[in-house]
Amino acid sequence: MTALIEERLREVADRYPRREAAVLPSLYIAQEVYGWLSHEAIKMVSDSLNLPDAFVRGVATFYYMYRNKPMGRHLIQLCTNVSCMLFGGERIVEILKERYNLEPGGTSPDGRFSLIIMECIGACDMAPAMLVGKDLHGGLNEKNIFEILDRYE
Amino acid sequence: MEIFLLKGIDNPDSATLEAYRAIGGYEGLHRALDMQPQDIIDEVRKSGLRGRGGAGFPTGMKWAFASADPKFPKYLLCNADEGEPGTFKDRVILEKKPHLLIEGMVISAYALKAEEGYIYLRGEYSFLKDTLERAIEEAYREGYLGNNILGKGISFNLHVHLGAGAYICGEETALIESLEGKRGQPRIKPPFPVNVGAFSMPTVVNNVETLSNIPYIISIGAEAYSRIGSKECPGPKLFSVSGHVRRPGVYELPMGTTLREIIYDHCGGIRDGRNLKAVIPGGISTPVLPPHKIDVPMDFVNICRFGSMLGSGGVIVFDETSCLVRVCYRASKFFEHESCGKCTPCREGTGWLSSILGRIEKGQGRKGDIDLLLDVTGNMSGKTFCPLGDGAAMVVQGFIKHFRDEFEEHIIDKRCRFG
């Protein structure tokens, strides 16, 4: 572990009155470093907070946004909840399958995109919507979806 | 009504401290620090403010409970885990007016004698974390946060805690578990968080919008505030409107504004000249209303007479082309996905509802399925550990109550006429 990562782990732990409360932010750091929550990533968190591996893994698997397998270069988080469904969110899922061979929960064969189906990302006013990495895109349709995704190599 | 919560959001720099101060930001804090903590609690109680997260609990009462507990330290948590489908009002405050929330939190913390606070930001809003942390940094720099706030010897330190995609963490005890670094499963109540909350200490958990109302109450006084909106539930309310309206978005309106006014006067009516078929008034957990009920005043009390709930104020509008069986099925899939698994009626019930609704939607429904759905919901309502299961049951009951014909048609015709 580099000194920089150690420093970041210490910094997040300092925000809580009990060190072990820092599991969630530490998991985010581990996920960023390893790309997903591999055994090494979990170990990094459990060692840093002095918690059993199994406890940390148990926390990680409860939450939907921690990754239990390697991801593609760009993570697409697409909403298909009610407001997005009304405006064709599910059609976008089909399009991604046709164009990029991208299945929900999977990664395109070229490793470019991973797709996660989301339960409401709070962008119902711009339905259907998705996050690509940290960028929010709304008003998706059969045309602009490709223009948007072309920006992510 | 004068706009307060959304005042100034058209300014592209509205999230900065400078822009916030230009519209009178932090004046409420100056005023509050000249008051005694107990007087602030009394003022909030007199204002009639109710929690904007969904349950509508009187904020002043919650504060009084926490304040009366002799244990220290106390914690103030902001619930920014806005996960209720159809709701995006807190997103607008977090993105456009983070200082309004911070000011509300500092005043609240002073009233509650809490010296540590966390904003529990949903993982899906991680793109707002930088905005929020930048605002917090600015507030520290200007002495609005820290160990000697505005030179008055008052301490309040504020951190952002990022969630990781779990709707259940919007429930306050699950939120606390998650803040403490655990799986986000709800705790048994009592004890309530006001006595035994974060790190076993007295804790107040308030929604983003609730906390953002505090500077307003302090600025104009409880009496003036309590004259806004409906008598039973005063104040401004943010409504998130989505679905088949011409102008979806977040609207700040007085509590008690009718659904009809929201849809037709503020959102421009139904798109493409179509007719209204149904409205979910308060986020997906609240029972659907048919068109003849849209004169309902939207506040926590009056809406109950119309057979629904205000919830988060997330209004989802459906036009005549919508298949409500499909909507009901999609809502049930959501609850199945988000059930935390702790209690059996919710874990099993949400799974069964979604599976039965799924086959009806696909044209494979069986005779008796509608009664079976009602039977399952009857075994969930009031029998689950937290309100997630109640919500899942209420939604299905609401759709069947008002649109039973449509479910029967799917079962008899083995198809959906909406395609």
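Modeller: Here is a walk over that interface, ending with a pair of helices. Keep in mind that this is a predicted model. The contact draws 39 residues from chain A and 57 residues from chain B. Together the chains bury about 3800 Å², and carbon and sulfur atoms give 60% of that. On chain A's part, Arg15(A), Phe62(A) and Glu119(A) supply 17% of the area it buries against chain B, more than any other three residues.

Now for the polar side of things. There are 18 residue pairs in polar contact across the interface, counting pairs with both residues at pLDDT 80 or more. The salt bridges between the chains number 3. Glu90(A) makes a salt bridge with Arg326(B), with their closest N and O atoms 2.8 Å apart.

Which elements of chain A give two or more residues to the side that touches chain B? They are helix 2 (23–34), helix 4 (53–62) and helix 5 (82–86). Helix 4 gives the most, with 5 residues. By class, this side of chain A splits into 26 nonpolar, 6 polar and 7 charged residues.

Helix 2 of chain A also has a partner within its own chain. Its axis comes within 9 Å of that of helix 3 (residues 39–49), crossing at roughly 140 degrees, and the crossing is right-handed. Among the residues that meet there are Leu27(A) and Ala30(A) from helix 2, and Ile42(A) and Val45(A) from helix 3. That helix-to-helix contact has 10 nonpolar, 1 polar and 1 charged residues.

Methods:
Residues are numbered from 1 along each chain as its sequence is written. Chains are lettered from A and ligands numbered from 1 in the order in which they are written. This is a predicted model: local features need pLDDT of at least 70, side-chain atom pairs count only at pLDDT 80 or more; totals for chains, interfaces and linings use all residues. Side-chain values use heavy atoms; hydrogens and water are left out. Contact means heavy atoms within 4.5 Å. Buried area is the accessible area (1.4 Å probe) that two parts lose on being put together, summed over both. A salt bridge is a side-chain nitrogen of Lys or Arg within 4 Å of a carboxyl oxygen of Asp or Glu. A polar contact is a pair of N or O atoms within 3.5 Å; within protein, one must be able to donate a hydrogen and the other to accept it, and residues adjacent in sequence count only if both atoms are side-chain atoms. Helices (H or I, at least four residues) and strands (E, at least two) are DSSP runs, numbered from the N terminus. Ala, Val, Leu, Ile, Met, Phe, Trp, Tyr, Cys and Pro count as nonpolar, Asp, Glu, Lys and Arg as charged, and the others, Gly among them, as polar. Axes are lines fitted to C-alpha atoms, for helices over the stretch in contact, and angles run from 0 to 180 degrees between N-to-C directions. A crossing is left-handed if the near helix is turned anticlockwise from the far one by less than a right angle, and right-handed if clockwise.
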